Amino acid sequence: MSDTVETAARTAPAAVIVGIDGPSGTGKSSTSKAVAAKLGLRYLDTGAQYRAITWWMLSNGIDVEDAAAVAAAAGKPEIVSGTDPSAPTITVDGADAAGPIRTQEVTSAVSAVSAVPEVRTRLTELQRSIAAAAPQGIVVEGRDIGTTVLPDADLKIFLTASPEARAARRNGELKGKNAQDPADLAATRAALVKRDAADSGRKTSPLAKAADAVEVDTTDLTLEQVVECVVTLVESRRSAAEGTEKRSA
Ligand SMILES: Nc1ncnc2c1ncn2[C@@H]1O[C@H](COP(=O)(O)OP(=O)(O)O)[C@@H](O)[C@H]1O
Ligand SMILES: Nc1ccn([C@H]2C[C@H](O)[C@@H](COP(=O)(O)OP(=O)(O)O)O2)c(=O)n1
């Protein structure tokens, strides 16, 4: 090895893999994007991929409650995720899917589609290959990243927040001015709790906290505080790893 290569190997930070899991509205997407941007990492929204495959099923007349039909079609759509945290993208068979995957129709169907093992196997493989191809590292967010997709991640975070806080956040996003209407909030809260139960109760890689994940309750934290907390954890893992390398050199 030349001197230049040896120096580069010593000074470049090693690729860091961060997994961020948790229920809907806990701040996974906002936190993951901001942490990735601050640390120069790539960013992957695995929920967007489950939404994309769900959108394809609905667009192609597949009955999403028919697990055998969903399984048979699971390999058909080509899903491509762009991992720049400042402009993440998602396409299905070459078409931009960023808008259509956020409709109520897709949100209502996504838990059924994502419970099908063939769908999970396919997307888990895709997610692992995207993470392996990120030279500086990546922040991957979802429901089963720490438990199933990337069990060897350098840092695992499990975000939580009260259902009331999550419903208020979601309403703020979807409905603008009427965000705090009590009836609306109650309906949003009920929909969130129902989706959590479906995602936590499925047999194949349910929503769950990995045993070695750091749990962060975001109910009373600002987004900036959550981002700061995760960045600090990544940096301390990095310096601990560098210290171990130096001691063993
Ligand atoms: N700590 C926080 N405090 C207040 N609002 C937040 C916080 N974290 C995220 N949000 C807002 O809540 C909404 C949902 O956040 P998002 O990151 O999409 O959550 P998730 O990916 O877990 O569903 C967004 O509008 C986001 O700006
Ligand atoms: N790793 C993942 C990510 C998402 N899913 C499923 C379960 C979720 O209800 C849907 C949608 O995920 P998404 O992260 O977009 O959901 P929210 O932004 O929290 O509303 O996808 C999953 O099963 N496994």
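**Burial, packing and ligand shells**

User: How many other C-beta atoms lie within 10 Å of aspartate 93?

Analyst: Aspartate 93 is partly exposed. A residue is buried if 20 or more other C-beta atoms, placed from the backbone, lie within 10 Å of its own, exposed if 12 or fewer, and partly exposed in between. For aspartate 93 the count of other C-beta atoms within 10 Å is 13.

User: What pLDDT do side-chain atom pairs need in order to count?

Analyst: Residues are numbered from 1 along each chain as its sequence is written, while chains are lettered from A and ligands numbered from 1 in the order in which they are written. The model is predicted, and totals for chains, interfaces and linings use all residues, whereas local features need pLDDT of at least 70 and side-chain atom pairs pLDDT 80 or more.

User: Where is aspartate 93 placed?

Analyst: Aspartate 93 has a positive phi of about 50 degrees although it is not a glycine. Elements here are DSSP runs numbered from the N terminus, with helices (H or I) of at least four residues and strands (E) of at least two. Aspartate 93 sits in the loop between β4 (89-92) and β5 (95-96).

User: Does serine 205 count as buried or exposed?

Analyst: Serine 205 is in the loop between α9 and β8 (214-217). Its phi is near 30 degrees, a positive value in a residue other than glycine. With 20 C-beta neighbours inside 10 Å, serine 205 counts as buried.

User: Which residues come nearest to ligand 1?

Analyst: A residue is near a molecule if its C-beta atom, placed from the backbone, lies within 6 Å of it. Around ligand 1 there are 16 residues, and those that come nearest are Gly27, Lys28, Ser29, Ser30 and Arg169.

User: Which elements give two or more residues to the shell around ligand 1?

Analyst: The shell divides into three nonpolar, 10 polar and three charged residues. Ala, Val, Leu, Ile, Met, Phe, Trp, Tyr, Cys and Pro count as nonpolar, Asp, Glu, Lys and Arg as charged, and the others, Gly among them, as polar. Two or more residues of this shell come from each of α2 (28-39), α8 (163-175) and α10 (223-248).

User: Why does ligand 1 lie between domain 1 (17-160) and domain 2 (162-202)?

Analyst: Domain bounds come from an automatic or database domain assignment. Ligand 1 lies between the two domains because residues for its shell are given by both domain 1 and domain 2.

User: How far apart are the C-alpha centres of domain 1 and domain 2?

Analyst: The protein chain is divided into domain 1 (17-160) and domain 2 (162-202). Their C-alpha centres are separated by 21 Å.

User: Which element gives the most to the shell around ligand 2?

Analyst: Ligand 2 is surrounded by 15 residues, the closest being Ser24, Gly47, Tyr50, Ser114 and Gly142. The elements that give two or more residues to this shell are α3, α5 and α9. The shell holds three nonpolar, seven polar and five charged residues. With five residues, the element that gives the most is α3.

User: At what angle do α3 and α5 pack?

Analyst: Axes are lines fitted to C-alpha atoms, for helices over the stretch in contact, and angles run from 0 to 180 degrees between N-to-C directions. Angles under 35 degrees count as roughly parallel, over 145 as roughly antiparallel, 65 to 115 as roughly perpendicular and the rest as oblique. α3 and α5 are therefore roughly perpendicular to each other. Their axes are 9 Å apart, and the angle is about 100 degrees.

User: Against which elements do the buried residues of α5 pack?

Analyst: In helix α5 (residues 104-114) the buried residues are Val106, Ala109, Val110, Ser111, Val113 and Ser114. Two residues are in contact if their C-beta atoms, placed from the backbone, lie within 7 Å. The buried residues of α5 pack against α3 (46-59), α4 (67-73), α6 (117-132) and α9 (182-201).

User: How far apart in space are serine 114 and tyrosine 50, C-alpha to C-alpha?

Analyst: Serine 114 belongs to helix α5 and counts as buried, with 27 C-beta neighbours inside 10 Å. Leaving aside neighbours within four places in sequence, its contacts are Tyr50, Val119 and Arg120. Serine 114 and tyrosine 50 are 64 residues apart in sequence, and their C-alpha separation is 6.2 Å.

User: Which residues does glutamine 49 touch, not counting residues up to four places away in sequence?

Analyst: Glutamine 49 is found in helix α3 and is buried, with 25 other C-beta atoms within 10 Å. Its C-alpha atom is separated by 7.7 Å from that of serine 81, 32 residues apart along the chain. Under that sequence limit, glutamine 49 touches Ile79, Ser81, Leu123 and Leu126.
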